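Hi everyone, thanks for making time this morning. I'd like to walk you through one structure, so please have a look at it with me.

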Amino acid sequence: MKIKKITFALLTAVIFLTSCNAKSINSAAEPKKKELFAMDTYVTFQVYGQNSDKVLEQAENEIKRLEDIWSTTKPNSEIYAVNHSGGKSVVLSNETAELINFALEISKDTNGALDISLYPVLKEWGFTTDKYSVPDNERLTQLLKNTGFERINLNGNEICLPKEMQIDLGAVGKGYAGDLICEKISNEGVSSALVNLGGNVQTVGTKPDGSNWKISVTSPYGDGSFATVELADEAIVTSGGYERYFVGDDGKTYHHILDPDTGKPADSGLISVSIIGKEGRLCDALSTALFVSGLKKAEDLWRKRSDFDMILVTDKGKIYITEGIENRFSLAQSHKNLDVSVIRK
Ligand code: AMP
Ligand code: MG
């Protein structure tokens, strides 16, 4: 079986673009950088201005702290405690309760396209261990009996799951971690920084010269980036089947974003969903959920809410962007032939 993770390529694409821009503006305004591996992905922090060493250290400590409480595999994590509680209540920290509460809200808003209770199904496919296999329908039906976000009981900081249920915050944790880290960075008086958690890019302020950050959007076809989008004090988060997948013995490709109704890789007609907005957690939750929901429902939700924009790529090679980013979106020179439509209110 073949597996592929292109998170690193994604990360380097973004770093390259931003560092080139920074250099051409003012060589005196070089950022301080820190690169590390956390939350199962490559992480880069890039901070401008005085105080950057201290700020970078705080950012690193914060991501490690959050990884420790949200990990599904570390025995001391809060999520591990919840998943091994045998149906008993567990008291969560404020951050964890806040994140789960938020994920449940988005689950409701997307008719269950986002569901943090799919963990046992993800394990069965091998997406948690990289030991992949295709479960049969009977096994999936059995596992799906114990999923369902509606049955997660969260009351303030106290959570109680049905006995056989297990959760994972893989679809939302990095976005919220980005928010908490950006908040820490801003609180230190920094007005220009970039946080990249495996392709989830979150910006603090603008570039040091006051212009927007120009962030590249990875092509789902594995040929670099297909576009750039300009951001300031915003996040862009992308979900795509190409980010983690395997090819089964039957020759078919199976990716890591599951449709909660079937327990199988979502097949909505979208192959990449990027969400742009002020809140990383919203961008992260919606990029996963709308990948499952598909174009029509994504459009409907965008019309209903007014707190995000999106870039959607369909399996027919068509690109849809929402009007809020129309003037900040550019196709890369190498992808000028792509067909882009603007979704309007
Ligand atoms: P993301 O990369 O943010 O789209 O999140 C994908 C990760 O979320 C997967 O690797 C799984 O751990 C988990 N996941 C997969 N499908 C879903 C889903 N429908 N709802 C919630 N989490 C999911
Ligand atoms: Mg997500």
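I'll start with the ground rules, then go to the ligand, the helix beside it, and a few single residues.

This is a predicted model, in which local features need pLDDT of at least 70, side-chain atom pairs count only at pLDDT 80 or more, and totals for chains, interfaces and linings use all residues. Residues are numbered from 1 along each chain as its sequence is written, chains are lettered from A and ligands numbered from 1 in the order in which they are written, and side-chain values use heavy atoms, with hydrogens and water left out.

Let's go to the ligand. Where does ligand 1 sit? Ligand 1 sits in the largest pocket. A pocket here is an open set of points on a 1 Å grid over the protein atoms alone, where a 1.4 Å probe fits and protein lies on both sides within 12 Å along at least five of seven lines. To sit in a pocket, a molecule needs more than half of its atoms within 2 Å of the grid points.

Who is around it? There are 16 residues around ligand 1, and D115, S239, L258, D284 and T288 come nearest; a residue is near if one of its heavy atoms lies within 4 Å. Now for the polar atoms. An oxygen atom of ligand 1 is 2.7 Å from an N or O atom in the side chain of T288. For H256, an N or O atom of the side chain is 2.9 Å from an oxygen atom of the ligand. On the backbone side, a polar atom of A113 is 3.0 Å from a nitrogen atom of ligand 1. Taken alone, ligand 1 exposes 500 Å², and the protein buries 90% of that. Those areas come from the Shrake-Rupley method with a 1.4 Å probe.

Which element gives the largest share of the shell around ligand 1? That is α8, with 3 residues. Helices are DSSP runs of H or I with at least four residues, strands are runs of E with at least two, and both are numbered from the N terminus.

So, a closer look at α8. The helix covers residues 280-293, 14 residues in all, and at 1.5 Å a residue it should span 20 Å; its end C-alpha atoms are 20 Å apart, which agrees. The expected span is 1.5 Å times one less than the number of residues. As for cover, 14 of its 14 residues are buried, where buried means under 20% relative accessible area, exposed over 50%, and partly exposed in between, with a 1.4 Å probe and protein chains only. After α8 comes G294, with a positive phi near 95°.

That brings me to backbone angles. Most residues other than glycine have a negative phi. Which loop holds N51? N51 belongs to the loop between β3 and α2, and its phi is positive, near 75°. N51 counts as partly exposed because its relative accessibility is 37%. D233 is another non-glycine residue with a positive phi, about 55°. You'll find D233 in the loop between β10 and β11, and at 42% relative accessibility D233 is partly exposed.

Next, two strand residues. T322 is part of strand β18, residues 318-322, and counts as buried because its relative accessibility is 0%. What does the side chain of T322 contact? It makes a polar contact of 2.6 Å with the side chain of D309. A polar contact is a pair of N or O atoms within 3.5 Å; within protein, one must be able to donate a hydrogen and the other to accept it, and residues adjacent in sequence count only if both atoms are side-chain atoms. Q46, in strand β3, is buried at 1% relative accessible area.

L104 lies in α4, residues 94-109, and is buried at 9%. L104 and L154 are 50 residues apart along the chain, with 9.3 Å between their C-alpha atoms. A177 is in α7, residues 173-187, and is buried, with a relative accessible area of 0%. Q142, in α6, is partly exposed at 44%.

That's my tour, and I'm happy to go back to any part of it.

Definitions and conventions. 1 Å grid on protein atoms, 1.4 Å probe; cavity = no way out; pocket = protein on both sides within 12 Å on 5 of 7 lines; lining within 4 Å.
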